[in-house]
Every structure is written in structure tokens, then in C-alpha cells.
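This briefing goes through one protein model, topic by topic. It covers the sheet, the salt bridges, a few single residues and a surface patch.

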Amino acid sequence: MIQIRPVSDLRNRFTEIEDTVKKGQPVYLTKNGYGSMVVLSLEQYAALTDEVEVKLDEADRAAELNDVRYTEEQVFGRVRGRIHERNAL
């Protein structure tokens with residue numbers, strides 16, 4: 001079951017939130033009735049970000065071996081082009 005709680009529960013019911021998160025379930029926090037943040041265990045967070053970190057490390061190593069640099073317009077232009085190609089399919 002999804003856990004949605006007011007952000008004030010971080011202060012008032014921290015142990016309950018911690019127990020829920022340690023069991024592998026994220027807790028969604030709201031402020032004034034709107035989504036504010038999500039609390040995850042370190043393991044859940046690592047599962048979401050580890051692959052990205054590996055790819056960024058690979059990109060850093062590749063950049064050290066190559067002097068070619070691209071402008072923001074070049075990078076995002078290529079990304080937009082690929083997105084439009086996929087959408088055209």
C-alpha cells in the first residue's frame with residue numbers, strides 16, 4: 001500500500017516512517033495537500049542511481065581521452081532530433 005503522509009510526520013512520527021522505509025516501501029510526503037518529497041532507504045536510492053553513476057563515470061573517462069567538446073545547443077539539438085525520429089516511427 002502506498003504511504004502518503006504529511007511532511008510534519010517526519011518530525012512527529014519519524015520512527016514509523018523510518019520503519020516503513022527500511023521495509024523497502026517509499027513514503028510520499030505532502031505539504032499543504034501537495035506532493036513535497038519522497039523518502040527512500042539508501043538501498044532503494046542506490047538501486048535507482050547506481051547505473052546512472054556508472055554511466056557518468058564512463059563518460060568522465062571518455063572525456064579525459066578525447067579533446068572534443070560540444071556546446072549545449074549541439075548536445076540538446078542531437079537529443080531533440082533523436083526524440084523526433086522516435087516519435088515519427
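Two strands count as paired if DSSP finds at least two bridges between them. In that sense Thr30 stands opposite Gly35 in β3. The model is predicted, and local features are given only where pLDDT is at least 70.

**Sheet**

- The sheet is open, has 3 strands in the order β1-β2-β3, and shows mixed pairing.
- β1 and β3 are the edge strands; each has a single partner strand, so one side of each is without a neighbour in the sheet.
- On average, neighbouring strands of this sheet are turned by 35 degrees against each other, with direction ignored.
- Helix α2, residues 14-22, packs on the sheet and touches β1, β2 and β3. The direction of α2 makes about 140 degrees with that of β2.
- Strands of a sheet pair through backbone hydrogen bonds, in either a parallel or an antiparallel way.

**The β2-β3 pair**

- Strand β2 covers residues 27-31 and strand β3 covers residues 34-39. The two run antiparallel and are joined by 5 bridges.
- Leu29 has Met37 in β3 as its bridge partner, while Thr30 has Gly35 opposite.
- β2 and β3 form a hairpin with 2 residues between them. In the turn, Asn32 has a positive phi of about 55 degrees.

- Arg5 sits in strand β1, which spans residues 3-6.
- Is Arg5 buried or exposed? Its relative accessible area is 13%, so Arg5 counts as buried, the limit for that class being under 20%.
- Residues up to four places away in sequence left out, Arg5 touches Arg13, Glu16, Ile17, Val27, Tyr28, Leu29 and Thr30.
- Arg5 forms a salt bridge with Asp9, with the closest N and O atoms 3.3 Å apart. Both Arg5 and Asp9 are buried.

**Salt bridges**

- How many salt bridges does a search of the whole structure find? The search finds 5.
- A network of salt bridges links Arg5, Asp9, Arg13 and Glu16.
- Arg13 is partly exposed because its relative accessibility is 42%. Glu16 is also partly exposed, at 37%.
- Another salt bridge joins Glu18 and Lys22, whose closest N and O atoms are 3.5 Å apart.
- Glu18 and Lys22 both lie in helix α2, 4 residues apart, which is about one turn of the helix.
- Glu18 has a relative accessible area of 30% and is therefore partly exposed, whereas Lys22, at 63%, is exposed.

**Helix α3: Gln44 and Leu65**

- Gln44 is placed in helix α3.
- With a relative accessible area of 18%, Gln44 is buried.
- Its neighbours within four places in sequence aside, Gln44 is in contact with Val21, Gly24, Gln25 and Pro26.
- Leu65 is also found in helix α3.
- Leu65 has 78% relative accessibility and so counts as exposed, the limit for that class being over 50%.
- How many residues separate Leu65 and Lys31 in sequence, and how far apart are they in space? They are 34 residues apart in sequence and 47 Å apart from C-alpha to C-alpha.

**Nonpolar surface patch**

- Which residues form the nonpolar patch on the surface? They are Val68, Tyr70, Val75, Phe76, Val79 and Ile83.
- Together these residues have about 540 Å² of accessible area.
- Val68 lies in the loop between α3, residues 42-65, and α4, residues 72-88.
- Val68 has a relative accessibility of 46%, so it counts as partly exposed.

Key:
Residues numbered from 1 in each chain as written. Predicted model: local features only at pLDDT ≥ 70, side-chain atom pairs only at ≥ 80, totals over all residues. Heavy atoms only, no water. Patch = residues over 30% accessible without salt bridge, like charges linked within 9 Å, V, L, I, M, F, W, Y side chains within 5 Å. Areas by Shrake-Rupley, 256 points an atom, 1.4 Å probe, with all protein chains shown as cover. Salt bridge = Lys/Arg side-chain N within 4 Å of Asp/Glu carboxyl O. Buried < 20%, exposed > 50% of the residue type's maximum accessible area, 1.4 Å probe, protein only. Contact = heavy atoms within 4.5 Å. Axes fitted to C-alpha atoms, helices over the stretch in contact; angles between N-to-C directions.
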